[in-house]
Amino acid sequence: MKYKNFSKIQLILIHTLVLLHLFLINTTVWAKKPVIVTTYQYIAGITEQITGNSATVIALAPPQFDPHYIVPKPSYIAKLRNANLLIINGAQLEIGWLPQLIRQANNPAIITGTKGFLDLSNFVKKIDVPTALSRAMGDVHPEGNPHFYLDPHTIPVLAKAIYERLCTIVPKNYNLYSKNYTTFIEKFNARLTVWDAQMTKVKGKSAIEYHKIYDYLLIRYGIHLAGTIEPVPGIPPASKHIAELENTIYTVSFILQDVYHPYDAAQYLSQKFSIPVIVLPHDVGATSDANDIFSLFDAIVGRITQ
Ligand SMILES: [Zn+2]
């Protein structure tokens, strides 16, 4: 046979070249997958529903921490440097941690104003927009309340914005994105009907929360907000404020507690007034039962209506 004429070294060389070739083909295919970086897990959760496996979707902020105060890591800069699209919540939720990372990543494809930068807050009517800025109003919500995505009815609005931008960034995937987007919206709307029905059980009740994070959810389902454990957004409670809360607490049915603020004030009020504390996820992955964009709301609705 002809190939008996090859020396062992030549065969090893050919073998290596074939492997290298296969590796390069794989690398090229991978590199052609668009890289989409999102600030929070819930945005990645929606995006993945539309891209399927056709994109690499990376969320930066770990879900168990305070979304206003994510600790920037060098690895986030590397992820932003390779991104074709950056999707943020906006309304200044990321103001404390993201701008410096974008500067350091130095990726012209994802800077503000380009088609590679998508701010979801532009698609939502925000509540609590201050008419005049004052430090007394707290420092963390100067453009209004940024936690709009915790009303499940907001998710289809955000999904549409993400879908349309994906089609602009990767037009060759238009058919795939359209098919996945339609499937997602149908499935999500079906779940919305179920959540809406479940939430009628708590309509008209009163709640306390730590931070004004569940306001859009409470307004959607007719739950009255009797007060917040923090006196203004971003400021920890003093005993005087807790004493004031006690004056209104007799009407309250439950205390909503996120996973990242201290539990002590909620536990104190709960024990003193026999009101249950309900721990709610604020993002996909914040609690073990909130694994994706569907189970995030299954967990929120299930825990409130239990
Ligand atoms: Zn906030």
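User: How are axes and contacts defined when a helix lies across strands?

Analyst: Axes are lines fitted to C-alpha atoms, for helices over the stretch in contact, and angles run from 0 to 180 degrees between N-to-C directions. Two residues are in contact if their C-beta atoms, placed from the backbone, lie within 7 Å. Helices (H or I, at least four residues) and strands (E, at least two) are DSSP runs, numbered from the N terminus. Here, helix H9 (residues 264-273) lies across E7 and E8 and runs at about 165 degrees to E7. This is a predicted model: local features need pLDDT of at least 70, side-chain atom pairs count only at pLDDT 80 or more, and totals for chains, interfaces and linings use all residues. Residues are numbered from 1 along each chain as its sequence is written.

User: What order do the strands of the open sheet have?

Analyst: Two strands pair if DSSP finds at least two bridges between them. The 4 strands run E6-E5-E7-E8, with parallel pairing. E6 (224-228) and E8 (277-279) each have a single partner strand, so one side of each lacks a neighbour in the sheet. Neighbouring strands are turned by 30 degrees against each other on average, direction ignored.

User: How many bridges join E7 to E8?

Analyst: 3 bridges link E7 (residues 254-257) to E8, in parallel. Ile255 stands opposite Val277 in E8.

User: Is Gln92 buried, exposed or partly exposed?

Analyst: A residue is buried if 20 or more other C-beta atoms, placed from the backbone, lie within 10 Å of its own, exposed if 12 or fewer, and partly exposed in between. Gln92 has 17 such neighbours, so it counts as partly exposed. Its phi is near 70 degrees, positive in a residue other than glycine.
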